Amino acid sequence: MTRLVGLSGSLRKASFNTALLRAAVGLTPDGVEIVEASIHGIPLYDGDLEAEHGVPEAATRLKDLVAEADGVVLFTPEYNNSIPGPFKNAIDWMTRPASDIPRVFGGKPFAITGASPGNFGTVLSQEAWLPVMRTLGTRPWFGAKLMVSKAGSAFEDGRLVDTATEKKLADFIAGFAAFVAEGKR
Ligand code: FNR
């Protein structure tokens with residue numbers, strides 16, 4: 001079994017990115033599982049908070065999920081042509097404490113996708129994540145790109161209804177899972 005963790009970078013109940021993640025959960029090939037994860041409950045990073053209380057429980061839970069997974073997929077929104085602050089904050093907490101060896105993202109297969117109501121489907125946000133994920137030592141998969149644009153019509157009541165996007169998403173997950181499984185051999 002190949003176990004992936006899918007992390008949505010939106011806190012919104014009606015998030016397109018969480019909806020995309022949920023669609024992916026239902027489109028996995030045989031032998032592949034996606035565990036849904038969220039960034040809820042993580043405070044703003046504050047070095048004083050960390051010194052006093054350590055890494056917050058919600059961030060530790062995410063770290064554990066990533067540590068147990070064979071690969072990670074980020075489902076990222078785009079804010080002002082870049083990474084959304086709440087999502088970056090969550091990932092930053094997950095890299096703490098700096099003394100963690102091995103680092104949770106180190107060598108971890110990684111893929112990224114995202115959805116936005118606009119015409120460009122998070123292309124700039126996805127690009128902006130790359131130097132971050134390189135710094136964390138992930139093993140990126142560049143086998144396919146998936147930018148879900150015009151999300152307002154691709155989703156209805158939290159369900160992916162655009163069949164072309166559904167096919168692309170299924171291929172995207174299958175491609176990444178094959179890359180992950182190859183590395184496990
Ligand atoms: C946005 N949005 C947005 N969309 C986009 O395609 N490019 C952008 O640069 C921005 N910038 C931006 C800034 C801020 C502060 C907000 C709140 C929103 C719109 C964004 O894509 C939209 O709100 C999505 O619905 C967010 O993703 P979720 O929450 O639906 O997953």
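These are legends for a set of close-up views of a predicted model.

View 1. The largest nonpolar core counts 47 residues. Leu4, Leu20, Val72, Ala90 and Phe176 have the most contacts inside this core. As background, nonpolar side chains in soluble globular proteins tend to be buried together. Pick out Phe176 and look at what it touches beyond four places in sequence: Gly71, Val73, Ala111, Trp141 and Gly143.

View 2. Val73 belongs to strand E3. Leu21 is 52 residues from Val73 along the chain, yet their C-alpha atoms are separated by 8.9 Å.

**View 3. Strand E4, covered on both faces.** How many of the seven residues of E4 are buried? The count is seven of seven. One side shows Pro109, Ala111, Thr113 and Ala115, and the other shows Phe110, Ile112 and Gly114, with both sets buried. E4 runs parallel to E3, and four bridges join the two. To find your place in the pairing, look for Phe75, which stands opposite Thr113 of E4.

**View 4. Helix H5 and what lies over its buried side.** H5 runs over residues 123-135, and its buried residues are Ser125, Gln126 and Trp129. An α-helix has 3.6 residues a turn, so residues three or four places apart point the same way. The cover over the buried residues of H5 includes strand E3 (71-75), strand E4 (109-115) and strand E6 (147-148). After the helix comes Gly137, with a positive phi near 80°.

**View 5. Gln126, the polar side chain to look at in H5.** Gln126 is part of helix H5. It is buried because 20 other C-beta atoms lie within 10 Å. Setting aside neighbours within four places in sequence, Gln126 is in contact with Thr76, Ile112, Gly114 and Met147. Now find Ile83: it is 43 residues from Gln126 in sequence, but the C-alpha to C-alpha distance is 7.6 Å.

**View 6. The shell around the ligand.** What surrounds the ligand? There are 14 residues, and the closest are Ser10, Ser15, Asn17, Pro77 and Ser116. Sorted by class, the shell holds five nonpolar, seven polar and two charged residues.

**View 7. Two cis prolines in one loop.** Pro97 sits in the loop between helix H4 (85-94) and E4, and Pro102 is also in the loop between H4 and E4. The peptide bond from Arg96 to Pro97 is cis, with omega near -5°. The bond joining Ile101 and Pro102 is cis too, with omega about 0°.

View 8. Asn80 is not a glycine, but its phi is positive, about 45°. You'll find Asn80 in the loop between E3 and H4. Thr122 has a positive phi near 75°, again in a residue other than glycine, and lies in the loop between E4 and H5. Buried or exposed: which is asparagine 80? Asn80 is exposed, because it has 9 other C-beta atoms within 10 Å. Thr122, on the other hand, is buried, with 32 other C-beta atoms within 10 Å.

**View 9. Ala67 in helix H3.** Ala67 lies in H3, which covers residues 57-68. It comes out as partly exposed because it has 14 other C-beta atoms within 10 Å. Val5 is 62 residues away from Ala67 along the chain, and their C-alpha atoms are separated by 9.7 Å.

Notes: Residues numbered from 1 in each chain as written. Predicted model: local features only at pLDDT ≥ 70, side-chain atom pairs only at ≥ 80, totals over all residues. Core = buried A, V, L, I, M, F, W, Y, C linked by C-beta atoms within 7 Å. Buried ≥ 20, exposed ≤ 12 C-beta atoms within 10 Å, placed from the backbone. Contact = placed C-beta atoms within 7 Å. Near = placed C-beta within 6 Å. Nonpolar A, V, L, I, M, F, W, Y, C, P; charged D, E, K, R; others polar. Pairing = 2+ DSSP bridges.
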